[in-house]
Amino acid sequence: MNLLGIGYIGLDVPDPAAWAEFATSVVGLMPAPNPPKAAPDEARFFKADERQWRVAVYGAEHPGLRYVGFDVGSPEAFERWLTHLDSTGVEFGHGAAADCEARGVRDLVVLRDPSGVRVELCWGPTVDGGFVSPVGVPRFVSGELGFGHVVILAPDLEASMDFYRRVLGMKLSDYVVIGPGMSVQFLRCTPRHHSVALAALGPAPGLHHVAFEVGDIDQVGFALERATRAGHAITASLGRHKNDRMLSFYLRSPAGFEVEIGCDGRLVDDRTWVVNEFTGGDEWGHHGLTAEALARSVAAQ
Ligand SMILES: [Fe+2]
């Protein structure tokens with residue numbers, strides 16, 4: 001059983017208008033011209049490729065990951081997932097018709113990860129056609145790799161690892177030890193090096209960052225230029241991670257949690273992959289992305 005990557009991401013943000021401006025003019029996402037009809041809570045939807053939407057933003061007092069949805073691919077796979085979830089003993093609920101309409105999918109199930117994140121598995125996402133970035137981003141990397149990745153703070157790392165590996169069938173790509181009892185574990189469900197990373201940093205749950213992958217280094221540079229000109233704090237300078245080889249930078253989004261924009265993410269070949277422990281996170285750059293900064297960003301949430 002394997003998921004086919006992130007299908008969509010829902011974000012809670014205190015100021016939806018500010019986040020919408022950030023999403024379109026800095027990240028380069030497109031306001032969805034045909035959003036799902038049964039959109040609750042005045043969600044704002046954004047396109048990044050041929051899909052009807054990939055990112056939704058909701059007004060909320062506390063910033064964070066409202067939900068993350070994974071594709072299973074087909075009605076047959078969905079049936080197999082229902083059987084599998086039953087066999088794991090995990091609690092899950094079948095989405096109501098209104099839930100499916102709100103996401104623009106045919107069917108979905110809802111689970112809770114041990115950190116409290118709402119995880120959805122779906123099939124039949126809506127495709128409505130062309131993506132035109134308001135700031136000229138030619139494309140975001142998605143397709144068979146799924147859409148981007150999320151890094152979740154996991155106070156109970158053991159329970160979260162069990163959930164993502166045994167229940168959701170993800171594989172450990174590698175991990176970075178960043179201090180006593182502190183680590184980041186990288187999990188994949190497609191050749192993308194990770195769709196989810198679990199950061200064990202302390203007792204607080206939360207969202208550290210959402211990552212968007214663009215096509216090449218110039219698109220990373222243009223994004224850095226837009227972010228700098230708009231006055232957003234660059235929380236980690238341009239750099240290249242040791243493990244997923246992503247060339248990226250991080251910036252603070254208007255909601256407080258960070259956004260990573262990068263390219264060149266490494267693809268994993270299951271047949272030859274060796275799980276490594278990494279000491280330190282980066283080949284070069286990413287100044288600002290320290291264990292202390294991670295802990296501070298967690299404390300601020
Ligand atoms: Fe990342």
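1. Leu153 stands opposite Gly206 in strand S13 of this predicted model. The pairing behind that contact joins strand S9 (residues 149-153) to S13 in the antiparallel sense, over five bridges.

2. How many residues of S13 are buried? Eight of the eight residues of S13 (residues 206-213) are, so the strand is largely enclosed by the rest of the structure. The cut-off for a buried residue is 20 or more other C-beta atoms within 10 Å of its own.

3. Leu198 lies in strand S12 (residues 196-200). It has 28 C-beta neighbours inside 10 Å, and therefore counts as buried. Ile152 is 46 residues away from Leu198 in sequence, yet the two C-alpha atoms are 5.1 Å apart. Leaving aside neighbours within four places in sequence, Leu198 is in contact with Ile152, Ala154, Leu157, Ser160, Met161, Tyr164, Gln185 and Leu187.

4. Now the sheet that contains S1. The sheet is open, with eight strands in the order S2-S3-S4-S1-S5-S8-S7-S6 and mixed pairing. Which strands stand at the edges? They are strand S2 (30-31) and strand S6 (93-94). Each has a single partner strand, so one side of each is left without a neighbour in the sheet. As background, strands of a sheet pair through backbone hydrogen bonds, either parallel or antiparallel.

5. S1 has partners of both senses. S1 and S5 run antiparallel and are joined by six bridges. Tyr8 has Gly69 as its bridge partner in S5. With strand S4 (residues 55-59), S1 pairs in the parallel sense over five bridges. In that pairing, Asp12 has Tyr58 of S4 as its bridge partner. Eight of the eight residues of S1 are buried, so this strand is largely enclosed by the rest of the structure.

6. Elsewhere in the sheet order, strand S7 (residues 107-112) is joined to strand S8 (residues 118-123) by six bridges. The two run antiparallel. Val110 has Glu120 as its bridge partner in S8.

7. The domain assignment gives domain 1 (6-123) and domain 2 (143-299). Their centres, taken over C-alpha atoms, are separated by 20 Å. The contact takes 28 residues from domain 1 and 32 residues from domain 2. On the side of domain 1 that touches domain 2, strand S1 (6-13), helix H1 (16-27) and strand S5 (64-71) each supply at least two residues. H1 gives the largest share of that side, six residues. By class, the side has 17 nonpolar, seven polar and four charged residues.

8. An unreviewed UniProt entry carries the annotation "domain: VOC" over residues 5-124 and 146-264. In the model, the span 146-264 is 20% helix and 45% strand. The end C-alpha atoms of that span lie 15 Å apart.

9. Helix H2 (residues 75-88) passes a simple length check. At 1.5 Å a residue, its 14 residues should span 20 Å; the end C-alpha atoms are 20 Å apart, which agrees. Just after H2, Gly89 takes a positive phi of about 80 degrees.

10. Two backbone angles deserve a look. Most residues other than glycine have a negative phi. Arg245 is not a glycine, yet has a positive phi of about 65 degrees. Arg245 sits in the loop between strand S14 (234-241) and strand S15 (247-252). His286, also not a glycine, has a positive phi of about 55 degrees. His286 is found in the loop between strand S18 (282-285) and helix H6 (291-299).

11. Are these two residues buried or partly exposed? Arg245 counts as partly exposed because it has 15 C-beta neighbours inside 10 Å. His286 has 23 other C-beta atoms within 10 Å, and so is buried.

Technical notes. Residues are numbered from 1 along each chain as its sequence is written. This is a predicted model: local features need pLDDT of at least 70, side-chain atom pairs count only at pLDDT 80 or more; totals for chains, interfaces and linings use all residues. Helices (H or I, at least four residues) and strands (E, at least two) are DSSP runs, numbered from the N terminus. The expected span of a helix is 1.5 Å times one less than its number of residues. Domain bounds come from an automatic or database domain assignment. Two residues are in contact if their C-beta atoms, placed from the backbone, lie within 7 Å. Ala, Val, Leu, Ile, Met, Phe, Trp, Tyr, Cys and Pro count as nonpolar, Asp, Glu, Lys and Arg as charged, and the others, Gly among them, as polar. A residue is buried if 20 or more other C-beta atoms lie within 10 Å of its own, exposed if 12 or fewer, and partly exposed in between; C-beta atoms are placed from the backbone. Two strands pair if DSSP finds at least two bridges between them. UniProt positions are given in the numbering used here, feature names are shortened, and annotations may be inferred rather than shown by experiment.
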